[in-house]
Amino acid sequence: MEPKPQRQLHPLPRGLVELYGLLAVLFVLVPEWMADGALSGLRAGQGDSALPITTSAWQRVPELKLASMNLRELRQLARELRLWGYGRLNREQLSGCLLRRIQARRGKAL
């Protein structure tokens with residue numbers, strides 16, 4: 001068998017390479033810069049937010065607190081509230097049980 005002759009590759013013209021570079025900047029970097037600017041504008045506008053402060057909302061709405069917790073924190077809260085069998089529950093079941101326990105405690109406190 002004879003070795004195949006290597007194929008001659010033709011380089012792209014310099015203008016075409018520069019055009020591809022410009023398109024990459026326009027389609028990738030510019031939208032990323034715009035998104036970054038929008039996010040920084042949102043962060044700066046948080047002082048005038050109509051949303052309640054997180055800590056005060058957590059005191060009034062336990063669903064918010066439970067939704068923002070990860071599974072480890074939910075299980076730790078279940079342990080503190082002496083909820084039995086919490087280790088076998090998934091996130092949704094555990095949140096439901098915790099919510100019922102929290103609401104029952106509030107009912108007794110009132």
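The following dialogue explains how to read several features of a predicted model of a protein.

Visitor: How is confidence expressed, and where is it lowest and highest?

Guide: The predictor's confidence in each residue is given as pLDDT, from 0 to 100. The protein averages 81, and 82% of its residues score at least 70. Helix H2 (residues 54-60) has the lowest confidence, with a mean of 66, and helix H4 (residues 71-80) the highest, at 91.

Visitor: How many helices and strands does the protein have?

Guide: Helices (H or I, at least four residues) and strands (E, at least two) are DSSP runs, numbered from the N terminus. Here there are 5 helices and 0 strands, and the pattern along the sequence is α-α-α-α-α.

Visitor: Which residues of H4 are buried, and why do they line one face of the helix?

Guide: A residue is buried under 20% relative accessible area, exposed over 50%, and partly exposed in between (1.4 Å probe, protein chains only). In H4, Leu-74, Leu-77 and Ala-78 are buried. Seen down the helix axis, these residues fall within an arc of 105°, so they line one face of H4; the arc is that of the directions from the helix axis to the C-beta atoms. The face turned away from the buried side carries the exposed residues Arg-72 and Arg-79.

Visitor: What is found at the ends of H4?

Guide: The N-terminal end is capped by Asn-70, which has a side-chain oxygen 3.2 Å from the backbone nitrogen of Arg-72. After H4 comes Arg-82, a residue of the loop between H4 and H5. Most residues other than glycine have a negative phi. Arg-82 is not a glycine, yet its phi is positive, at about 55°. With 64% relative accessibility, Arg-82 counts as exposed.

Visitor: How is a nonpolar core read, and which residues touch the most other members?

Guide: In soluble globular proteins, nonpolar side chains tend to be buried together. A nonpolar core is a set of buried Ala, Val, Leu, Ile, Met, Phe, Trp, Tyr and Cys residues joined through side-chain atoms within 4.5 Å. The largest one here has 13 residues, and those touching the most other members are Leu-66, Leu-74, Leu-77, Ala-78, Leu-83, Leu-94 and Leu-98. H4 and helix H5 (91-109) are the elements that give two or more residues to this core, and the largest share, 4 residues, comes from H5.

Visitor: What is Leu-83 in contact with, leaving aside its neighbours within four places in sequence?

Guide: Contact means heavy atoms within 4.5 Å. With those neighbours set aside, Leu-83 is in contact with Ala-78, Leu-94, Cys-97, Leu-98 and Arg-101.

Visitor: Is Ser-95 buried or exposed?

Guide: Ser-95, in helix H5, is buried, with a relative accessible area of 18%. Leaving aside neighbours within four places in sequence, Ser-95 is in contact with Leu-66 and Leu-74.

Visitor: How does Arg-105 count in terms of accessibility?

Guide: Arg-105, also placed in helix H5, counts as partly exposed, at 45% relative accessibility. Arg-105 and Leu-81 are 24 residues apart in sequence, with a C-alpha to C-alpha separation of 9.7 Å in space.

Note on methods:
Residues are numbered from 1 along each chain as its sequence is written. This is a predicted model: local features need pLDDT of at least 70, side-chain atom pairs count only at pLDDT 80 or more; totals for chains, interfaces and linings use all residues. Side-chain values use heavy atoms; hydrogens and water are left out. A polar contact is a pair of N or O atoms within 3.5 Å; within protein, one must be able to donate a hydrogen and the other to accept it, and residues adjacent in sequence count only if both atoms are side-chain atoms.
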